[in-house]
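Good morning, and thank you for coming. Please look at the sequence and the structure together as I speak.

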Amino acid sequence: MFLVGLTGGIATGKSTVSKILSEECGCLILDADLIAREVVLPGTKAWKTIRTQFGDEVFHENGELNREKLGQIIFADASKRRLLNSITHPEIYKSILWKILKAFVRGRQFVILDLPLLFETGKLLPYASYIVVVSCSEEQQKERLMKRNTLSKEDADQRIGSQMSLAEKRRQATYIIDNDADIEYTRQQVKNIHQKLKGSYLHWKTRILLFLGLFSVFRFFIYTLNMLKLF
């Protein structure tokens, strides 16, 4: 099994691409945003630490995290953003790794890691055999973000500026999906890339190496047993 990193910039349309891969192509998607919500549910380890570090003001009365309030804080203060990442990222990665292991055991050819901050954090970047970047023009990105999140131009610029530039992400991509045009154009690009991923033989290389490793351990175990019999 091999891993595919799916990323992009905020409001570039990564969720649309992820949905096509999941619903129309049958791919297994590990969505870091969804997992990030799971690890901060009331009562979890990350939830307790966030309450300690950021206070009750970033929570709703029912105990759930007030993501809008927390977002205002971390996008205005890089040190607060780093603090939040240090709390949530370890829990997110543990969950992702567990899900990857289960997918491997079930015989998946590949798993797609939907990670908005794939480049920014760099933690899982070395393990991604292919990287797909969803991109659009800067003007389109800002317009979509302002409309989607009801943000001012200044707030939109602030959030976009907190991430690596799209130009740099495109330079490091294996495949680029241009999401400037209509949905059908995007869908065709996604399906073309999916066919290329399905044609890859990387998963066989991984499984062969694993088999050889297990076979070596087995041989060592038999050799040890035989040596013990001599005594």
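This is a predicted model: local features need pLDDT of at least 70, side-chain atom pairs count only at pLDDT 80 or more; totals for chains, interfaces and linings use all residues.

Against which elements do the buried residues of α4 pack? The buried residues of α4 pack against α3, α5 and α8 (153-161).

Residues are numbered from 1 along each chain as its sequence is written, and side-chain values use heavy atoms, with hydrogens and water left out.

Let me begin with the overall picture. The chain contains 11 helices and 5 strands; helices (H or I, at least four residues) and strands (E, at least two) are DSSP runs, numbered from the N terminus. Of its 231 residues, 40% count as buried. Buried means under 20% relative accessible area, exposed means over 50%, and partly exposed lies in between, with a 1.4 Å probe and protein chains only. A contact means heavy atoms within 4.5 Å. Among contacts in the chain with a separation of 6 or more, 72% are between residues 24 or more positions apart.

We return to α4. In this helix, Leu70, Gly71 and Ile74 are buried. They cover an arc of only 105 degrees around the axis, which puts them on the same side of α4; the arc is that of the directions from the helix axis to the C-beta atoms. On the other side of α4, Glu68 and Ala76 are exposed.

Next, the interior. A nonpolar core is a set of buried Ala, Val, Leu, Ile, Met, Phe, Trp, Tyr and Cys residues joined through side-chain atoms within 4.5 Å. The largest such core has 34 residues, and those with the most contacts inside it are Ile50, Phe54, Ile96 and Leu113. The elements that give two or more residues to this core are α2 (32-38), α3 (45-54), α4 (67-76), α5 (78-105), β3, α6 (118-121) and β4. With 7 residues, α5 gives the most to this core. Apart from it lies another core, of 19 residues, among them Leu6, Cys25, Tyr130 and Val132. As for Phe54, its contacts include Leu70, Ile73 and Ile74, when residues up to four places away in sequence are not counted.

I turn now to the strands. How many of the residues of strand β3 (residues 110-114) are buried? In β3, 5 of its 5 residues are buried. Phe110, Ile112 and Asp114 point one way from this strand, and Val111 and Leu113 point the other way. In a regular strand the side chains alternate between the two faces of the sheet.

Two strands pair if DSSP finds at least two bridges between them. β1 and β3 pair in the parallel sense over 5 bridges, and within this pairing Leu6 has Asp114 as its bridge partner in β3. Strand β2 (residues 29-31) also runs parallel to β3, joined to it by 3 bridges. Here Asp31 stands opposite Asp114 in β3.

The structure holds 4 aromatic pairs. Rings of Phe, Tyr and Trp (its six-membered ring) pair if their centres lie within 6.5 Å; planes under 30 degrees apart count as stacked, over 60 as edge-to-face and the rest as tilted. The rings of Phe2 and Tyr130 have centres 5.5 Å apart and planes at 70 degrees, so this pair is edge-to-face. The pair links distant parts of the chain, since Phe2 is in strand β1 (residues 2-8) and Tyr130 in strand β4 (residues 128-135), 128 residues apart. Phe2 is buried at a relative accessible area of 2%, and Tyr130 is buried at 17%. Tyr130 and Tyr175 have ring centres 6.2 Å apart and planes at 25 degrees, so that pair is stacked. Ring pairs link Phe2, Phe110, Tyr130 and Tyr175 into a cluster.

Finally, consider two loop residues. Most residues other than glycine have a negative phi, and most peptide bonds are trans. Ala11, in the loop between β1 and α1 (14-23), has a positive phi of about 65 degrees. Thr150, in the loop between α7 (138-149) and α8, has a positive phi near 50 degrees. Are these residues buried or exposed? Ala11 is buried, with a relative accessible area of 11%, whereas Thr150 is exposed, at 71%.
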